[in-house]
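Please walk through this model with the structure open beside the text.

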Amino acid sequence: MRRPCCDKQHTNKGAWSQQEDQKLVDYIQKHGEGCWRSLPQAAGLLRCGKSCRLRWRNYLRPDLKRDGFGEDEEDLIIRLHALLGNRWSLIAGRLPGRTDNEVKNYWNSHIRKKLEYSHRHVGFTRLRAEISAARSKNQANDPETFIDFNGGKLEPTSKSSSGINLDLTLSIPSKNFESSDEN
DNA sequence: AACAAATACAACCGCCTAGGT
DNA sequence: CACCTAGGCGGTTGTATTTGT
């Protein structure tokens with residue numbers, strides 16, 4: 001049996017209050033991130049360490065964007081998802097100010113529906129064909145190689161108008177590569 | 001106006017893995 | 001090596017809000 005990450009009987013659950021947020025922010029500003037297990041007690045929070053980490057990373061971090069996703073970002077998510085599947089943290093790593101949770105939620109609630117529509121109406125099918133061709137070309141050369149995949153075309157590095165880094169230099173994972181983008 | 005259904009997103013859960021011993 | 005732990009991840013759930021009837 002796995003030991004629970006904390007004593008759940010003595011922790012709060014559910015939505016965070018403003019006071020809890022403030023305690024967490026204050027503590028991290030003073031001491032920095034790290035040692036999430038001991039943080040709740042040190043910060044005076046009745047929360048599980050994992051919960052603190054999640055709250056900080058997904059909501060309280062000062063570098064997070066809180067506005068909606070732009071077209072550039074949406075396009076990049078679609079392309080990255082076609083390459084990587086549901087590896088949300090990798091995808092989020094390419095989107096400054098975005099979290100894996102945010103990207104995942106956005107995918108599930110917005111993009112997936114759009115793509116279901118697009119699948120039925122040509123456009124996205126063509127994009128996937130391009131991606132697939134790029135993939136097999138790179139794998140054929142050397143399975144360990146890197147893909148330079150810029151905006152769906154094999155072109156040199158560039159940045160989009162909104163400053164998103166579109167230089168998709170990605171090491172191809174050996175397993176689960178043909179992952180769940182068919183749903 | 002009242003209710004139901006759909007949507008959006010914050011948060012939780014359990015598994016996996018890297019690193020330390 | 002095997003074992004343990006903390007941190008990270010993706011899937012899923014819970015709930016507040018919005019939209020439709």
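This is a predicted model: local features need pLDDT of at least 70, side-chain atom pairs count only at pLDDT 80 or more; totals for chains, interfaces and linings use all residues.

Residues are numbered from 1 along each chain as its sequence is written, chains are lettered from A and ligands numbered from 1 in the order in which they are written, and side-chain values use heavy atoms, with hydrogens and water left out.

Start with helices H1 (residues 18–31) and H3 (residues 49–60). Helices are DSSP runs of H or I with at least four residues, numbered from the N terminus. The axes of H1 and H3 come within 11 Å and cross at roughly 90°. Axes are lines fitted to C-alpha atoms over the stretch in contact, and angles run from 0 to 180 degrees between N-to-C directions. H1 is therefore roughly perpendicular to H3 (65 to 115 degrees). H1 contributes Asp21, Leu24, Val25 and Ile28 to the contact, and H3 contributes Cys52, Arg55, Trp56 and Leu60. Contact means heavy atoms within 4.5 Å. These residues divide into six nonpolar, no polar and two charged. Here Asp, Glu, Lys and Arg count as charged, Ala, Val, Leu, Ile, Met, Phe, Trp, Tyr, Cys and Pro as nonpolar, and the others, Gly among them, as polar.

Now look at Arg55, in helix H3. Is Arg55 buried or exposed? At 17% relative accessibility, Arg55 counts as buried. Buried means under 20% relative accessible area, exposed over 50% and partly exposed in between, using a 1.4 Å probe and protein chains only. Leaving aside neighbours within four places in sequence, Arg55 touches Trp16, Asp21, Leu24 and Leu60.

Move on to helix H4, residues 71–84. Eleven of its 14 residues are buried, so H4 is largely enclosed by the rest of the structure. Among them are Glu73, Arg79 and His81. Just after H4, Gly85 takes a positive phi of about 75°.

Finish with the charges. The whole structure holds eight salt bridges, each a side-chain nitrogen of Lys or Arg within 4 Å of a carboxyl oxygen of Asp or Glu. Arg47 meets Glu20 at 3.0 Å, N to O. Arg47 lies in the loop between helix H2 (39–43) and H3, and Glu20 in H1, so the pair ties together parts that are 27 residues apart in sequence. Arg47 is buried at 4%, as is Glu20 at 10%.

A network of salt bridges links Lys65, Asp67, Glu73, Arg98 and Glu102. In it, Lys65 pairs with Glu73 at 3.2 Å, N to O. Lys65 is partly exposed at 28% relative accessibility, whereas Glu73 is buried at 5%.

Note on methods:
Helices (H or I, at least four residues) and strands (E, at least two) are DSSP runs, numbered from the N terminus. Angles under 35 degrees count as roughly parallel, over 145 as roughly antiparallel, 65 to 115 as roughly perpendicular and the rest as oblique. The expected span of a helix is 1.5 Å times one less than its number of residues.
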